Amino acid sequence: MPRGNTSMYAADPQRRPAMLRTPMAEAKTHYLAGLKLFGLNQHEQAIAEYRLALEQKPDWAEVIHAMATAQSKLGRQDEAIATLQRVIELTPSDPFAYTSLSIFLQRAGKIADAETASAKARMFAWKEELKRNPNAPPPTPPPGAMNVVQ
């Protein structure tokens, strides 16, 4: 039997028998379509696909994060920041979420807030590193950055 994208239903997921169209499968189909559209710089269409994915799986942090990134690419920084706050609610110690937040805040001209988010990203990344390497040194702020105490 074919696997992955070689499936006879890969080209047209709607042809799948109903028993194969689970909410997660439908969500994944829309998420992957959104990623493809994002890669083609069709950010508004990508957001539409991400919204369809989230109808099936509303708390899928990766999809919400992708949607925030597309919003940011469209210059809608305040919307992207608000969307990314949901990612942070779902994954409160994810360094990538705080790194993206820092970028979106920089684009919005909110430099002090961006530096705070960047410091949180470094701190959470260090905590992850400590799990693998208990002797990892603590993060240091980049040159010229504010020293944010956690």
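**Helices α5 and α6: a packed pair**

Good morning. Helix α5, residues 95–107, packs against helix α6, residues 111–132, at an angle of about 165°, and their axes lie 8 Å apart. Axes here are lines fitted to C-alpha atoms, for helices over the stretch in contact, and angles run from 0 to 180 degrees between N-to-C directions. Helices are DSSP runs (H or I, at least four residues), numbered from the N terminus.

This is a predicted model: local features need pLDDT of at least 70, side-chain atom pairs count only at pLDDT 80 or more, and totals for chains, interfaces and linings use all residues. Residues are numbered from 1 along each chain as its sequence is written, and side-chain values use heavy atoms, with hydrogens and water left out.

How are α5 and α6 oriented to each other? They are roughly antiparallel, a term for angles over 145 degrees.

Which residues make the contact (heavy atoms within 4.5 Å)? From α5 come P95, Y98, T99, L101, S102, L105 and Q106; from α6 come I111, D113, A114, A117, S118, K120, A121, F124 and A125.

Let us now consider α6 itself. Its buried residues (under 20% relative accessible area, 1.4 Å probe, protein chains only) are A114, A117, A119, A121, M123 and F124. Their cover includes α5.

Finally, the whole chain. There are 6 helices and 0 strands, in the order α-α-α-α-α-α along the sequence. Of its 150 residues, 33% are buried. Among contacts with a separation of 6 or more, 41% join residues 24 or more positions apart.

Definitions and conventions. Helix = DSSP H or I, 4+ residues; strand = E, 2+ residues; numbered from the N terminus. Parallel < 35°, antiparallel > 145°, perpendicular 65-115°, else oblique. Contact = heavy atoms within 4.5 Å. Buried < 20%, exposed > 50% of the residue type's maximum accessible area, 1.4 Å probe, protein only.
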